[in-house]
Amino acid sequence: MKTSRMSAQEDTHTDLFSTTSWQQRSGGPRYLQLYRHLESAIKDGRLAAATTLPAERELATLTGLSRVTIRKAISQLVVDGLVIQRRGSGSYVAPQMKRMEQSLSALTSFTEDMQRRGKTSSSETLSCGIYLPSPEEIVALGLPSDGQVSRITRLRRADGIPLAIETSSLSTEFVPDPSRIETSLYEKLSLEGMRPSRAIQRISACKLTEEQAALLEVSEGDAALYIDRTAYLPSGRVIELTTGVYRGDIYDFVAELRNA
Ligand code: 16G
């Protein structure tokens, strides 16, 4: 027996897809018409985030279009990041997030940035522990080659939407137990009088690997920003080396320039 919730969703689907108003003889290729129809329904909220789209066969029946045409339109929505396709569990509307401008002049933390925007941030620890440092960590953190490094990799979300994957490395001298970093690394450092006062950040373009894309809920190969931040204590010692990938469809990093 169907639940009333399923029936309501089915009614929405029937209304949205069976109307022929969006299909016009002179409106160009059918897949493009369906694509545009779905794109506007997603953008204006008629198809809300996380709504499951009807299966290809059902869509073909509702719209009167061939399955090949349906597939082409859905594939384009997937490429555009509007729809997420999961093997075995169908297609659903991707969470929508407006682009964010991130200042390059203030040394702030992810948690603070999201709080300022009125968003709820969260952190999922993907890995965490004490490791032998990589050559990059030895140089950046000024560690002895037989030293140890505390490393934590986190998936950063705002209002439940995954935005970035960050790996932070800190000397065990400053952070002996990285598992004690709860929501905010900077909050923990501040409490211990070790908040960085200055940082150097390098930003480059990259494409997401399959694993990164799955975590960020976008498509493999999507454009992203690779950022590394080396942050310093007022004493001049490096406290943090963080490298991360940030979703290119959401982040705009903005720098203010003055006359030299
Ligand atoms: C930001 C920083 C990152 C820092 C983190 C601390 C950039 C590009 N990176 O994401 O270096 O480790 O904030 O955030 O801005 P938290 O205090 O919320 O853990």
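## Loop residues with positive phi

In this predicted model, Asp159 has a relative accessibility of 43% and therefore counts as partly exposed, since that class lies between 20% and 50%. Asp159 is found in the loop between S5 and S6, and its phi is near 45 degrees, a positive value in a residue that is not glycine.

Ala50 likewise is not a glycine and has a positive phi, of about 80 degrees. Its place is the loop between H2 and H3, where Ala50 is exposed because its relative accessible area of 56% is over the 50% cut-off.

## Asp177 in the loop between S6 and H7

Asp177 lies in the loop between S6 and H7 and, with 33% relative accessibility, counts as partly exposed. The side chain of Asp177 makes a polar contact of 2.6 Å with the side chain of Ser179. Asp177 and Cys128 are 49 residues apart in sequence, while their C-alpha atoms are 9.2 Å apart in space.

## Two serines of strand S6

Ser168 belongs to strand S6 and is buried, because its relative accessible area of 1% is under the 20% cut-off. Its side chain is joined to that of Thr242 by a polar contact of 2.8 Å. Leaving aside residues up to four places away in sequence, Ser168 touches Ser150, Arg151, Ile152, Arg154, Leu185, Glu240, Leu241 and Thr242.

Ser169 is also placed in strand S6, and with a relative accessible area of 4% it is buried. The side chains of Ser169 and Glu137 are joined by a polar contact of 2.6 Å. With residues up to four places away in sequence again left out, the residues that Ser169 touches include Glu137, Leu141, Val149, Ile239 and Glu240.

## Strand S8 and its partners

Strand S8, residues 223–232, is mostly covered, with 8 of its 10 residues buried. Strand S7, residues 198–207, runs antiparallel to S8 and is joined to it by 10 bridges; in this pairing Ile203 stands opposite Ile227 of S8.

S8 also pairs with strand S9, residues 238–247, in the antiparallel sense and over 9 bridges. Arg229 has Thr242 of S9 as its bridge partner, and Thr242 is the residue whose side chain makes the polar contact with the side chain of Ser168. The hairpin of S8 and S9 has 5 residues between the strands, and Gly236 in this hairpin takes a positive phi near 100 degrees.

## Helix H4 and what covers it

Helix H4 runs over residues 67–79, and its 13 residues should span 18 Å at 1.5 Å a residue, which agrees with the 18 Å between its end C-alpha atoms. H4 is followed by Gly81, which has a positive phi near 80 degrees.

The buried residues of H4 are Thr69, Ile70, Ala73, Ile74, Leu77 and Val78. An α-helix has 3.6 residues a turn, so residues three or four places apart point the same way.

## The ligand site

Which residues come nearest to the ligand? Among the 17 residues around the ligand, these are Thr111, Glu166, Ser184, Leu185 and Glu240. At least two residues of the shell come from each of helix H5 (110–116), strand S5 (149–158), strand S6 (161–171), helix H7 (185–191), S8 and S9. S9 supplies the largest share, with 3 residues.

An oxygen atom of the ligand is 2.7 Å from a polar backbone atom of Leu185, and a backbone N or O atom of Phe110 lies 2.9 Å from an oxygen atom of the ligand. In the side chain of Tyr246, an N or O atom is 3.4 Å from a nitrogen atom of the ligand. On its own the ligand has 460 Å² of accessible area, and the protein covers 98% of it.

Conventions:
Residues are numbered from 1 along each chain as its sequence is written. This is a predicted model: local features need pLDDT of at least 70, side-chain atom pairs count only at pLDDT 80 or more; totals for chains, interfaces and linings use all residues. Side-chain values use heavy atoms; hydrogens and water are left out. Helices (H or I, at least four residues) and strands (E, at least two) are DSSP runs, numbered from the N terminus. The expected span of a helix is 1.5 Å times one less than its number of residues. Buried means under 20% relative accessible area, exposed over 50%, partly exposed in between (1.4 Å probe, protein chains only). Two strands pair if DSSP finds at least two bridges between them. A residue is near a molecule or strand if one of its heavy atoms lies within 4 Å of it. A polar contact is a pair of N or O atoms within 3.5 Å; within protein, one must be able to donate a hydrogen and the other to accept it, and residues adjacent in sequence count only if both atoms are side-chain atoms. Accessible areas come from the Shrake-Rupley method with a 1.4 Å probe; for residues, only the protein chains shown count as cover. Contact means heavy atoms within 4.5 Å.
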